[in-house]
Amino acid sequence: MVSAGAPGEPALVLVAHGTRSARGVEMIAALADAVAAELGVAVSTEPALRTAFVDVLGPSPSEVLRDIDGPAVVVPAFLASGYHVYQDVPREVAESGHCAVAVTEAMGPDPALTRVMGMRLRAAGWKPGDAVVFAAAGSSDSRARQDVRRAAGMLAEQLGVPVRIAYVATGTPRVPEVVASLRESGSERVFIASYLLAHGLFHQRLHDAGADGVAEPIGVHPGVVRLIVDRYRCAARELVGQASGV
């Protein structure tokens, strides 16, 4: 088993978007702590687990990678693979000058996230028969929108009800429009499933969309932690194998 921080094993760099929300920052820190506990390492300014941000906050991935001497695995903590995953992260890796870095897939879409979303939705009061709006941040990248469609399909299959996609920031339709449309079409109760990782401005907007309930962000959950750890371990094995010529 590969563990970050073991002699010769890659460090883990968890890359998130960044937010000005104190609750959002705390949630990312808690997620990093949970991942570190699962791996049996400590979160600190030294390897084996570091956090970095592509926007709003620092340090940046390139800054973190320049501080790591040995191999590193970058895990993008994003729910869809848009501009940040396809452009920002590779650019940051290149700017770091680090020559032994593996970048994993984004976190989503994934069945583990779907299960957590279903749990959060039920905790918000959703019951079978209630309408569901799948709220994502949105992206101008068609690949990210495809990821959102896949994630929404997974949730619809799990819940056994139709799920309407809506966006918080980029793209249409917007969340309030879809909530209003569902009410006009006869839905008595409408709930919003939050396809957001952490609290922040985007999640705050969901509470002003006119729904009967808003699920919490995906946040910290054992299923999310295991997903990140699995992403790390798979990439770390490949990275170590390449270094040893296996």
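**View 1. Arg 231 and Asp 110, a buried charged pair.** Both Arg 231 and Asp 110 are buried, where buried means under 20% relative accessible area, exposed means over 50% and partly exposed falls in between (1.4 Å probe, protein chains only). A salt bridge joins Arg 231 to Asp 110, with the closest N and O atoms 3.8 Å apart; the term requires a side-chain nitrogen of Lys or Arg within 4 Å of a carboxyl oxygen of Asp or Glu. Arg 231 belongs to helix 8 and Asp 110 to the loop between strand 4 and helix 4, so the pair links parts of the chain 121 residues apart. Helices here are DSSP runs of H or I with at least four residues, strands are E runs of at least two, and both are numbered from the N terminus.

A note that goes with every view: this is a predicted model, in which local features need pLDDT of at least 70 and side-chain atom pairs count only at pLDDT 80 or more, while totals for chains, interfaces and linings use all residues. Residues are numbered from 1 along each chain as its sequence is written, and side-chain values use heavy atoms, with hydrogens and water left out.

**View 2. Asp 130 and Arg 189, a salt bridge between two loops.** The side chains of Asp 130 and Arg 189 meet with an N to O distance of 2.8 Å. Asp 130 sits in the loop between helix 4 and strand 5 (131–136), and Arg 189 in the loop between helix 6 and strand 7 (190–195), 59 residues apart. Asp 130 is buried, at a relative accessible area of 10%, whereas Arg 189 is partly exposed, at 32%. Elsewhere, salt bridges with shared partners connect Asp 88, Arg 91, Glu 92 and Glu 95 in one network.

**View 3. Glu 216 and Arg 23, a link across 193 residues.** The closest N and O atoms of this salt bridge are 3.9 Å apart. Glu 216 lies in the loop between strand 8 and helix 8, and Arg 23 in helix 1 (residues 22–39). Glu 216 counts as partly exposed, at 36% relative accessibility. The count of salt bridges comes to 9.

**View 4. Val 35 in the largest nonpolar core.** This core has 52 residues, and those with the most contacts inside it are Val 35, Met 107, Val 132, Phe 134 and Tyr 195. Helix 8 (residues 222–244) gives the most to the core, with 9 residues. A nonpolar core is a set of buried Ala, Val, Leu, Ile, Met, Phe, Trp, Tyr and Cys residues joined through side-chain atoms within 4.5 Å. Leaving aside neighbours within four places in sequence, Val 35 is in contact (heavy atoms within 4.5 Å) with Leu 12, Leu 49, Val 225, Ile 228 and Val 229.

**View 5. Helix 4 crossing helix 5 (residues 142–159).** The two axes come within 9 Å and cross at roughly 55°; they are lines fitted to C-alpha atoms over the stretch in contact, with angles from 0 to 180 degrees between N-to-C directions. Helix 4 and helix 5 are therefore oblique to each other, a label for angles that are not under 35 degrees (roughly parallel), over 145 (roughly antiparallel) or 65 to 115 (roughly perpendicular). Among the residues making the contact are Pro 111, Thr 114 and Leu 121 of helix 4 and Met 154 and Leu 155 of helix 5.
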